[in-house]
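Reader: I am new to this structure. Please take one part and look at it closely.

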Amino acid sequence: MNETAKKRAVAHRNEVRISPRKVQIVLDLIRGKDAELAKGILKNTTKSAAEPILKILNEAIANAENNFQMDKEKLFVAECYATPGTTLKRIQPRAQGRAFRIYKRASHITIAVEEKGGN
C-alpha cells in the first residue's frame, strides 16, 4: 500500500425504511464536517432520517478507531451518500373501485470517515 494513500473507515446500512430523497437532505448537512460536529448536528436535527444516520456515523467512527487505529479527534466525514433500496408497492383504495399505488421506499446509506491530513 502506498504511504500517501489515505485510510478510510466506512459504515453501510442497507434497506433503511426512509426515502433516499429525505435522507440526502440530512447527509448534505454533515458532508465534509468534523465527526464530532456532525454528531452534534444530527442530535439537534428534527428530521426523521437523523437518527439512523447518527447510528451509521457512530459505527463509522468506531470502525476507524478499532480497525484502523485512527485518532477520534482528527476524523471528518469524507463521503456520505444514499442510494435507493428496494421499493415496496402497496395499494390505496380510491373512489369508484379504483386503486392508487403507494411506493414505500428504502435507502442504502453509506458514510466514510478519514483523518485530517495535518501531519
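Author: Start with what helix α3 touches. Its buried residues pack against β1 (8-16), α1 (20-30), α2 (35-43), β2 (75-84) and β5 (107-115). Contact here means heavy atoms within 4.5 Å. Buried means under 20% relative accessible area, with a 1.4 Å probe and protein chains only.

A word on the source. This is a predicted model, where local features need pLDDT of at least 70, side-chain atom pairs count only at pLDDT 80 or more, and totals for chains, interfaces and linings use all residues. Residues are numbered from 1 along each chain as its sequence is written, and side-chain values use heavy atoms, leaving out hydrogens and water.

Which residues of α3 are buried? They are Ala50, Pro52, Ile53, Leu54, Ile56, Leu57, Ala60, Ile61, Asn63 and Ala64.

Now the helix itself. Helix α3 covers residues 50-68, 19 residues in total. From first C-alpha to last it reaches 26 Å, close to the 27 Å expected at 1.5 Å a residue. That expected span is 1.5 Å times one less than the number of residues. Just after α3 comes Gln69, with a positive phi of about 50 degrees.

Next, its place in the chain. There are three helices and five strands. Helices (H or I, at least four residues) and strands (E, at least two) are DSSP runs, numbered from the N terminus. The order is β-α-α-α-β-β-β-β.

Last, the whole chain. Of its 119 residues, 34% count as buried. The C-alpha trace spans about 70 × 35 × 20 Å along its principal axes.

How values were computed: Buried means under 20% relative accessible area, exposed over 50%, partly exposed in between (1.4 Å probe, protein chains only).
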